[in-house]
Amino acid sequence: EGAGDCSSCVAVMLELARAMSQWAHGFKNAVIFLFNTGEEEGLNGAHSFVTQAGPHPWAVENFAAAAKYPSGQVTAQDLFASGAITSATDFQVYKEVAGLSGLDFAYTDKSAVYHTKNDKLDLLKPGSLQHLGENMLAFLLQAASSTSLPKGNAMEKEGKTVHETAVYFDILGTYMVLYRQGFANMLHNSVIVQSLLIWTASLVMGGYPAAVSLALTCLSAILMLVFSVSFAVVIAFILPQISSSPVPYVANPWLAVGLFAAPAFLGALTGQHLGYIILKAYLANMFSKRMQLSPIVQADLIKLEAERWLFKAGFLQWLILLALGNFYKIGSTFIALFWLVPPAFAYGFLEATLTPVRFPRPLKLATLLLGLAVPVLVSAGNFIRLANVIVAIVVRFDRNPGGTPEWLGNVILAVFIAVVLCLTLVYLLSYVHLSGAKRPIAIASCVLFVLSLILVLSGTVPPFSEDTARAVNVVHVVDASGKFGGKQEPSSFIALYSTTPGKLTKEVEQIKEGFVCGRDNVVDFVTLSMEYGCLTYDGTEGGWSQSDVPTIHVESEGFGIMDTKGNDNGRITKVSIDMKGSVRWSLAIDAEEIEDFTFKEGSEELVPRDEKSGMDGWHIIQFSGGKNAVSKFDLDLYWAKNSTESYHNANRKEKQRPLLKLRTDFDRLTPKTERVLSKLPAWCSLFGKSTSPQTLSFLNSLPVNF
């Protein structure tokens with residue numbers, strides 16, 4: 001189980017250790033194979049191991065030099081750094097805490113099966129294992145024999161530690177291009193300056209008409225983007241209303257081409273056509289004033305001149321992106337560089353002329369082929385992989401099930417596809433207006449969209465499959481919180497919810513078992529909230545006992561207690577918590593009421609008193625221990641001053657959320673849970689993260705006015 005994340009990594013490491021033991025001659029550095037757990041529980045295993053050292057691009061440089069089939073993209077690094085992908089790996093600890101240089105590897109195929117039963121060896125390509133193993137073996141042999149392993153190569157600048165990063169990307173997995181950020185800045189600045197000089201010279205030679213034509217060219221690019229995004233987003237909004245699933249393309253990502261790329265392409269063509277009409281109108285007025293030509297000749301010249309300006313719109317948009325990326329030192333800026341320089345070179349070599357007075361000629365097909373060959377080769381794989389990543393993320397998109405609109409994942413994918421199409425097809429579409437191919441292309445786009453929609457609506461292509469399943473959770477919940485600590489008997493029920501957008505109607509129809517679905521069934525699981533889900537109370541009395549319910553007890557309450565330094569600590573509440581044998585639990589503390597706290601197990605202080613940052617108004621502690629882990633803890637709560645003042649206010653209104661909320665988990669099946677799981681549809685698979693409850697969870701809480 002967990003083949004891609006990541007028992008296969010263990011297998012590769014074992015094979016690497018075996019291979020290196022036979023090749024270990026002349027090594028100048030030790031090689032440590034670290035097999036650690038605790039990644040899902042907050043990267044604790046890696047955090048327990050790391051030591052201090054200096055970051056350095058040495059690792060990626062040597063990987064590029066040694067790997068047999070180098071595959072790596074700085075674009076993925078930029079995505080993680082931006083926070084667009086919220087997942088974290090052990091490498092984050094090595095890099096941020098220990099300052100180590102390193103490489104992070106992940107499989108990008110079938111990533112929709114992440115953290116489900118379908119992450120199995122059958123779906124992992126043997127070539128992927130071989131690819132990872134061969135590259136790592138070559139890299140480790142070189143690294144172990146190297147005499148230049150960095151011991152800490154930080155540069156000091158204005159009292160801060162600055163480290164030069166690397167820009168890297170591979171070409172079809174056979175060669176890796178790599179250069180330092182300093183060189184990238186110099187290269188980008190050079191291209192930006194030269195581009196600005198060329199544009200300035202062109203505008204000076206062309207005068208006022210050239211400046212207006214440039215402005216209308218920019219308008220054409222804007223219209224192209226607006227229409228493309230609008231067409232694709234409209235479909236993204238409509239799809240959840242007419243389809244059985246708001247994300248019908250999960251099991252078959254190629255459907256996104258027909259559902260979103262076809263409308264986006266049609267929108268881009270429409271937007272550029274409008275810009276083309278406006279530009280032609282201006283050029284017609286200009287030509288009529290400057291030269292006397294026959295109407296037929298003049299009309300042809302206007303079309304040819306408009307075609308050239310639309311082609312040059314691509315130069316301008318990629319120049320702007322290059323300047324922005326260079327200013328913010330984004331590694332992925334190399335993509336803008338490749339989409340600017342080769343097309344500009346091809347145009348200058350085959351099309352440009354230095355004389356301001358000349359009749360335009362049709363753009364050569366060679367210009368397009370020569371200009372786009374390199375950028376397509378370098379970046380097409382990046383764009384396809386990113387689209388696949390977005391599709392995979394949609395499977396687990398709802399962190400709080402039902403908490404985000406069903407259309408949101410579609411909109412993100414649609415906007416990404418539309419923007420990529422507009423940026424990359426601006427050169428190609430400029431050829432379409434004179435070719436007479438606009439109508440056939442528009443019809444083909446419409447046909448592709450309609451066929452894809454028919455496949456979805458008819459159920460011919462299902463949204464999920466047994467291998468690429470919908471992520472669901474089935475949890476037997478025993479809620480002892482009542483109305484924030486009330487004394488009534490615990491409420492027992494089964495909760496069914498999904499992190500994949502969409503209703504659970506079809507799933508419940510197959511399972512039966514008395515489930516009722518809706519947005520009224522909100523369950524607070526401490527680390528997440530089920531905003532939409534299905535509950536059943538039928539037959540949930542068995543499989544648990546009152547002795548499993550965790551307890552929260554206020555031991556003492558004090559005011560004006562002085563610490564050892566003579567400071568007034570204000571109001572302090574001492575609480576004891578008994579997890580009743582659970583070794584995996586989550587505790588949330590109201591950060592609006594409590595400004596600080598200490599957390600102890602016996603005499604050992606696990607969380608000291610210091611400045612703490614909350615998340616969404618809560619301090620959250622997650623715990624995961626072994627079979628013999630302790631389950632009794634003491635909590636000292638230091639109230640915020642405004643809470644102490646409001647506590648003495650007799651007219652204070654009842655606060656609507658608890659002071660503490662607790663969830664304890666047990667990895668065991670009650671009879672009702674087992675029955676539900678046995679009826680779970682084949683297109684569903686249990687999904688789990690460190691924040692997810694296990695199959696049996698107990699809830700309890702302590703009210704503010706205890």
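1. The torsion about the S-S bond of Cys6 and Cys9 is about 50 degrees, so this disulfide is right-handed. The model is a predicted one, and in it the sulfur atoms of Cys6 and Cys9 are placed 1.6 Å apart.

2. Cys6 and Cys9 both belong to helix α1, which covers residues 3-23. They are three residues apart, and therefore about one helical turn separates them. Cys6 is partly exposed, at 25% relative accessibility. Cys9 also counts as partly exposed, its relative accessible area being 26%.

3. Another disulfide joins Cys517 to Cys534, with an S to S distance of 1.9 Å. The torsion about the S-S bond of this pair is about 100 degrees, so the Cys517-Cys534 disulfide is right-handed. Cys517 is part of strand β7 (residues 516-518) and Cys534 is part of strand β10 (residues 533-536), so the bond ties together parts that are 17 residues apart in sequence.

4. Cys517 is partly exposed, with a relative accessible area of 31%. Cys534, by contrast, is buried, and its relative accessible area is 0%. The cut-off for buried is under 20% relative accessible area.

5. How many disulfides does a search of the whole structure find? The search returns two. With the bonded cysteines of the protein numbered in sequence order, the pairing reads 1-2, 3-4.

6. Cys218 is partly exposed, at 27% relative accessibility. Cys684 is likewise in no disulfide. The nearest cysteine sulfur to Cys684 is that of Cys534, at a distance of 11 Å. Cys684 is buried, with a relative accessibility of 1%.

7. A helix pair is considered next. Helix α7 (residues 181-242) and helix α10 (residues 334-350) have axes that come within 11 Å of each other and cross at roughly 40 degrees. This angle makes α7 oblique to α10. The crossing of α7 past α10 is left-handed.

8. Which residues make the contact between these helices? On the α7 side they are Leu187, His188, Val191 and Ser195. On the α10 side they are Leu337, Leu340 and Val341. Sorted by class, the contact of α7 with α10 comprises five nonpolar and two polar residues, and no charged residues.

9. Finally, Phe359 may be noted. This residue is found in the loop between α10 and α11, the latter helix spanning 365-394. Is Phe359 buried, partly exposed or exposed? At 49% relative accessibility, Phe359 counts as partly exposed. The cut-off for exposed is over 50%. From C-alpha to C-alpha, Phe359 and Thr116 are 63 Å apart in space, and in sequence these two residues are 243 residues apart.

Key: Residues numbered from 1 in each chain as written. Predicted model: local features only at pLDDT ≥ 70, side-chain atom pairs only at ≥ 80, totals over all residues. Heavy atoms only, no water. Disulfide = S-S within 2.5 Å. Helix = DSSP H or I, 4+ residues; strand = E, 2+ residues; numbered from the N terminus. Buried < 20%, exposed > 50% of the residue type's maximum accessible area, 1.4 Å probe, protein only. Axes fitted to C-alpha atoms, helices over the stretch in contact; angles between N-to-C directions. Parallel < 35°, antiparallel > 145°, perpendicular 65-115°, else oblique. Left-handed = near helix turned anticlockwise from the far one by under 90°. Contact = heavy atoms within 4.5 Å. Nonpolar A, V, L, I, M, F, W, Y, C, P; charged D, E, K, R; others polar.
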